[in-house]
Amino acid sequence: MAELLYFTGTMDCGKSTLALQMDHNHRARGRLGRIFTSHDRAGDNVLSSRLGLAAEAIEVRPDFDFWDYVVGELTHGGRIDYAVCDEAQFYQPEQVEQLARLVDELQVDVFCFGILTDFRARMFPGSARLVELADRMELLQVEALCWCGERATHNARTIGGEMVTEGDQLVVGDIEQDDHEVAYEVLCRRHHRRRLTTARARATLSPEVLPFGGSAS
């Protein structure tokens, strides 16, 4: 019986790597599927991992219709056993409902990967709908770490190293772009509440209180 699954965690928890691995595992068993993504760090029509892995993907824009796409493929003799959907937090709630319909009416397995909350610690609409509709939600076990060494639970947006809590929900950036105007960082809840980023910790805390040998990186 087909399922709608949502694999979630913070940024830098390995979700895109797992999405690629999921596609590989199912293809290795003779199943045929499609990969979808939205606003990947590497650009349109690609699902990429920070480990250097990548695969071609179908870009999900706000007007994309999963139901129409899959029905069209099947009508023209195609076969789709599963769908791997990365960056699912960026999907529209209506698109998540279309994915649920694929599972229920066409028996297509749907594996979604994404983050729950934005830089303000508020849920993305797509993630909220997935939480409501998914048959099962799994928290990824690869723990991203805050600069303090504790488990990171929140995604922070930074500009010049300073955390910001206002702005558009969707601004593409990456956690490895320290010199970029807009970047992202994962923090524990305590330091997210205090807006204490890596850059601020380096500037304000004495070396002896910083973990990892006196560095906040």
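Q: Why does F66 count as buried in this predicted model?
A: Buried means under 20% relative accessible area. F66 has 0% relative accessibility, so F66 counts as buried.

Q: What makes F36 and F66 an aromatic pair, and why is the pair called edge-to-face?
A: Rings pair if their centres lie within 6.5 Å, and planes over 60 degrees apart count as edge-to-face. For F36 and F66 the distance is 5.0 Å centre to centre, with 70° between the planes. F36 lies in strand 2 (residues 33-37) and F66 in helix 2 (residues 66-75), so the pair ties together parts that are 30 residues apart in sequence. F36 is buried, with a relative accessible area of 2%.

Q: Why is the pair of Y82 and F111 called tilted?
A: Planes under 30 degrees apart would be stacked and those over 60 edge-to-face; the rest are tilted. The planes of Y82 and F111 stand at 45°, with 6.5 Å centre to centre, so the name is tilted. Y82 is in strand 6 (residues 82-85) and F111 in strand 7, 29 residues apart.

Q: How do you know whether Y82 and F111 are buried or exposed?
A: The limit for buried is under 20%. Y82 has 0% relative accessibility and therefore counts as buried. F111, at 6%, counts as buried too.

Q: Why does M123 count as partly exposed?
A: Buried is under 20%, exposed is over 50%, and partly exposed is in between. M123 has 41% relative accessibility, so M123 is partly exposed. This residue lies in the loop between strand 7 (109-114) and helix 4 (125-133). Together with V131 and M137, M123 forms a nonpolar patch on the surface, with about 250 Å² of accessible area.

Q: What makes R101 a charge over the ring of W67?
A: One part of the rule asks for CZ of Arg within 6 Å of the ring centre. R101 lies over the face of W67, at 3.7 Å from the ring centre. In another such case, the charged end of R157 sits over the ring of F119, 3.8 Å from its centre.

Note on methods. Residues numbered from 1 in each chain as written. Predicted model: local features only at pLDDT ≥ 70, side-chain atom pairs only at ≥ 80, totals over all residues. Heavy atoms only, no water. Patch = residues over 30% accessible without salt bridge, like charges linked within 9 Å, V, L, I, M, F, W, Y side chains within 5 Å. Areas by Shrake-Rupley, 256 points an atom, 1.4 Å probe, with all protein chains shown as cover. Salt bridge = Lys/Arg side-chain N within 4 Å of Asp/Glu carboxyl O. Helix = DSSP H or I, 4+ residues; strand = E, 2+ residues; numbered from the N terminus. Buried < 20%, exposed > 50% of the residue type's maximum accessible area, 1.4 Å probe, protein only. Phe/Tyr/Trp six-rings, centres within 6.5 Å; stacked < 30°, edge-to-face > 60°. Lys NZ or Arg CZ within 6 Å of the ring centre and 35° of its normal.
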